[in-house]
Amino acid sequence: MSKEKKETKSLKLMKVHSPDGSVVEIPAPYCTPEEWAERTSMDLDTIMTALYNRKIARHQFSPRGDLFVNVIEETRRLLETKQPWNR
């Protein structure tokens, strides 16, 4: 009997540097609004409204494509202002 080895990819974290020298590691540069709602414990409707109003940094791969939260920019914004966009 041959045993199959399950290949697992190690998650490579991205580093976000702030002006004061702090470094934060994030798993991905973008995430869906649903993922962002889960990460921040915010209401999805609030996040979608903020994305459309450009209060949350966003990314769109194509002009008519889905909106994603730009995690890198939101992390930088949080590090610089020391508070979330909605406070």
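Visitor: Quick one before we start: when do two strands count as paired here?
Guide: Two strands pair if DSSP finds at least two bridges between them. Strands (E, at least two residues) and helices (H or I, at least four) are DSSP runs, numbered from the N terminus. This is a predicted model, where local features need pLDDT of at least 70, side-chain atom pairs count only at pLDDT 80 or more, and totals for chains, interfaces and linings use all residues. Residues are numbered from 1 along each chain as its sequence is written, and side-chain values use heavy atoms, leaving out hydrogens and water.

Visitor: Okay, how many bridges join β3 to β5?
Guide: 2 bridges, and β3 runs antiparallel to β5 (residues 67-70). Y30 has N70 as its bridge partner in β5.

Visitor: And what order do the strands of the sheet come in?
Guide: β3-β5-β4, an open sheet of 3 strands with antiparallel pairing. β3 (30-31) and β4 (58-60) are at the edges with a single partner strand each, so one side of each has no neighbour in the sheet.

Visitor: Switching topic: which residues touch the most other members of the largest nonpolar core?
Guide: W36, I47, L51, I56 and V69, out of 14 residues. Such a core is a set of buried (under 20% relative accessible area, 1.4 Å probe, protein chains only) Ala, Val, Leu, Ile, Met, Phe, Trp, Tyr and Cys residues joined through side-chain atoms within 4.5 Å.

Visitor: Where does the largest share come from?
Guide: From α2, with 3 residues.

Visitor: What does L51 touch?
Guide: Leaving aside residues up to four places away in sequence, L51 touches P33, I56, A57, R58, L67, F68 and V69, where contact means heavy atoms within 4.5 Å.

Methods: Buried < 20%, exposed > 50% of the residue type's maximum accessible area, 1.4 Å probe, protein only.
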